[in-house]
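Subject: Structure for you to look at

Hello,

Please find the structure below, followed by notes on what turned up in it.

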Amino acid sequence: MADAERAAGAGPATVRVMTWNIHGGLGSDRRHDLKRVVALVRRHAPDIVALQEIDSRKPLTETSDAFAFLAAALGGNSSESRLITAPDGDYGHAVISRWPISEAQCHDVSYRRREPRAVIETLVDTPYGPLHLAAVHLGLSFAERRHQARLLARICQSGPNRTVMLGDFNDWIWRGSVQTTLNRLFPGHSHMKTYPAFYPLLALDRVYCRPTGMLLKNWTDPAARNASDHLPVVADLTMGA
């Protein structure tokens with residue numbers, strides 16, 4: 001959806017957010033291509049996008065730094081968490097916004113010896129007031145996610161009432177630890193199947209928000225299957241709720 005088309009259908013004080021695990025830009029043709037990622041994100045014209053599995057360690061024709069390339073192409077204001085740093089590049093996730101990010105903090109939610117994980121907590125200065133937003137990419141084990149769900153609850157409860165939490169939660173079990181915790185804290189939430197991209201069976205990628213009524217609509221884009229193994233989730237939020 002182009003900006004002009006979006007403006008025609010969006011109400012006042014509306015913010016569009018998007019979350020997508022881009023899998024390093026690895027498409028169905030086995031090529032790492034961040035230009036496809038950028039093109040698909042721009043099609044939906046999000047004000048704020050959270051991207052997971054950004055990976056500069058892969059051979060990229062566009063840039064040697066995937067984080068910088070995506071930030072410049074999709075908004076210019078970013079907060080990132082480079083969880084793995086290696087001689088050949090970095091790996092992690094980021095929040096990118098068209099509006100300034102006045103506050104940003106990375107919370108370590110790693111569990112024992114498993115892959116490092118972090119929550120990016122930000123305050124985005126939207127034209128309609130500040131938006132408290134947290135971007136996540138949670139772990140793969142049940143014990144790991146139980147630990148992380150408790151930490152997410154603390155982050156959520158320490159912030160203002162108007163809060164959005166989005167990302168790849170890796171929680172596919174109905175009434176799993178993350179869903180049980182966050183569904184209670186966030187009255188508005190998406191639950192669209194996003195993985196695997198070619199035949200989505202699991203709702204791994206989600207947008208949570210509060211207060212009640214903040215979530216106006218949400219959708220995904222099957223065309224993303226050509227650029228990643230996940231589908232994105234896009235959501236329109238009202239700041240007047």
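Two rings of Phe, Tyr or Trp (for Trp, the six-membered ring) are called a pair if their centres lie within 6.5 Å; planes under 30 degrees apart are stacked, over 60 edge-to-face, and the rest tilted. The model is a predicted one, in which local features need pLDDT of at least 70 and side-chain atom pairs count only at pLDDT 80 or more, while totals for chains, interfaces and linings use all residues. Residues are numbered from 1 along each chain as its sequence is written, and side-chain values use heavy atoms, with hydrogens and water left out.

Aromatic rings

Searching the whole structure gives 4 aromatic pairs. One of them is W99 with Y128, an edge-to-face pair at 6.4 Å centre to centre and 85° between the planes. W99 lies in the loop between β4 (89-97) and β5, and Y128 in the loop between β6 and β7, 29 residues apart. Strands here are DSSP runs of E with at least two residues, helices are runs of H or I with at least four, and both are numbered from the N terminus. W99 is buried at 13% relative accessibility, whereas Y128 is partly exposed at 38% (buried is under 20% relative accessible area, exposed over 50%, partly exposed in between, with a 1.4 Å probe and protein chains only).

F169 and Y208 have ring centres 5.2 Å apart and planes at 80°, so this pair is edge-to-face too. F169 sits in the loop between β8 and α5, and Y208 in strand β10, 39 residues apart. F169 is buried at 0%, and Y208 is buried at 0%. Together with F186, these two residues form one aromatic cluster.

The charged end of R210 sits over the ring of F186, 6.0 Å from its centre (the test is NZ of Lys or CZ of Arg within 6 Å of the ring centre and within 35 degrees of the ring normal).

The sheet

Six strands make an open sheet with mixed pairing, in the order β5-β6-β7-β8-β10-β9 (two strands pair if DSSP finds at least two bridges between them). β5 (101-108) and β9 (188-189) are at the edges with a single partner strand each, so one side of each has no neighbour in the sheet. Strands β8 (residues 163-168) and β10 (residues 205-210) run antiparallel and are joined by 6 bridges. V164 has C209 in β10 as its bridge partner.

Regards
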